[in-house]
Amino acid sequence: MNIPILLFASYAEAFGAASIELTLEPGATVTDLLDRVKAMAAGAVLPPAPLVAVNQCFAIPGQRIEPGDEVALIPPVAGG
Amino acid sequence: MRTALVTRPINASALLAEVTSPACGATSLFLGTVRDMHDGRPVTGMEYTAYEAMAASELERIGAEAVARFDSPALVVEHRIGALGIGDVSVAIAVAHAHRAAALDATRYVIEALKQRVPIWKREHYADGTREWVDPTRPRAGAAS
């Protein structure tokens with residue numbers, strides 16, 4: 001399944017794009033997705049345990065990603 | 001309760017007027033403003049960006065939590081995104097309640113949760129022309145722990 005991943009702020013800058021697309025096995029989890037992103041050259045920008053949002057809610061590592069989910073990598077937040 | 005991401009200047013007086021009522025004996029206002037210095041480096045401005053859809057819904061969840069936890073105060077939160085100058089208000093939280101404890105506690109709850117959970121980022125512009133994304137999880141060189 002092809003999953004677009006939204007990128008923001010420092011991550012968008014590191015990847016040079018506002019989103020990337022990965023092809024994941026059916027049943028893939030947030031951890032599987034992070035392993036793939038970390039293996040990319042620009043993945044060096046990620047901290048050891050990056051935040052991931054699925055459908056605009058923070059996700060846990062074992063959470064499965066379904067086709068059509070809105071997935072985003074969330075850099076350390078700095079509002080306020 | 002109302003929460004919003006805005007691109008226009010925040011009007012603190014309007015927020016106060018929105019929450020205050022004759023039933024409220026206490027009104028609390030928190031303003032976050034852009035500082036002219038960060039870890040000893042002169043700052044000339046700040047650029048706020050957000051994952052807008054999620055930031056709006058997360059802000060609304062936090063507002064609802066504060067209303068539920070602190071005895072249903074009247075509460076309004078606005079966070080500004082875009083280019084801000086020194087002294088500009090980036091976030092405002094206005095809370096009114098019959099009593100001060102609920103108003104103050106709800107205000108504190110919202111700003112602390114916002115800083116932990118709302119997907120908003122800021123890039124500081126320095127006097128020397130450089131720019132940097134602020135990462136609160138990474139202590140800077142020379143910064144006090």
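**Reading the sheet and the interface**

Modeller: Gladly! This is a predicted model. In chain B, β1(B) and β5(B), residues 74-80, run parallel and are joined by 5 bridges.

Colleague: How do you know that β1(B) and β5(B) count as paired?

Modeller: Pairing needs at least two bridges between the strands. There are 5 bridges here, so the two strands pair. One example is B:Leu5, whose bridge partner in β5(B) is B:His79.

Colleague: What is the order of the strands in the open sheet?

Modeller: The 4 strands of chain B follow the order β1-β5-β7-β2, with mixed pairing.

Colleague: Why is one side of β1 and of β2 in chain B left without a neighbour in the sheet?

Modeller: β1 (2-6) and β2 (26-33) stand at the edges and have a single partner strand each, so one side of each has no neighbour in the sheet. From one strand to the next, the twist averages 5°.

Colleague: Which helix packs on the sheet?

Modeller: Helix α1 of chain B, residues 12-19, touches β2, β5 and β7 (89-97) of that chain. The direction of α1 makes about 20° with that of β7(B).

Colleague: What makes a residue of chain B count as in contact with chain A?

Modeller: The C-beta atoms of the two residues, placed from the backbone, must lie within 7 Å. In this model, 23 residues of chain B are in contact with 15 residues of chain A.

Colleague: Which element of chain B gives the most to the side that touches chain A?

Modeller: That is α3(B), with 4 residues. By class, this side of chain B has 13 nonpolar, 6 polar and 4 charged residues.

Note on methods: Residues numbered from 1 in each chain as written. Chains lettered and ligands numbered in written order. Predicted model: local features only at pLDDT ≥ 70, side-chain atom pairs only at ≥ 80, totals over all residues. Helix = DSSP H or I, 4+ residues; strand = E, 2+ residues; numbered from the N terminus. Axes fitted to C-alpha atoms, helices over the stretch in contact; angles between N-to-C directions. Nonpolar A, V, L, I, M, F, W, Y, C, P; charged D, E, K, R; others polar.
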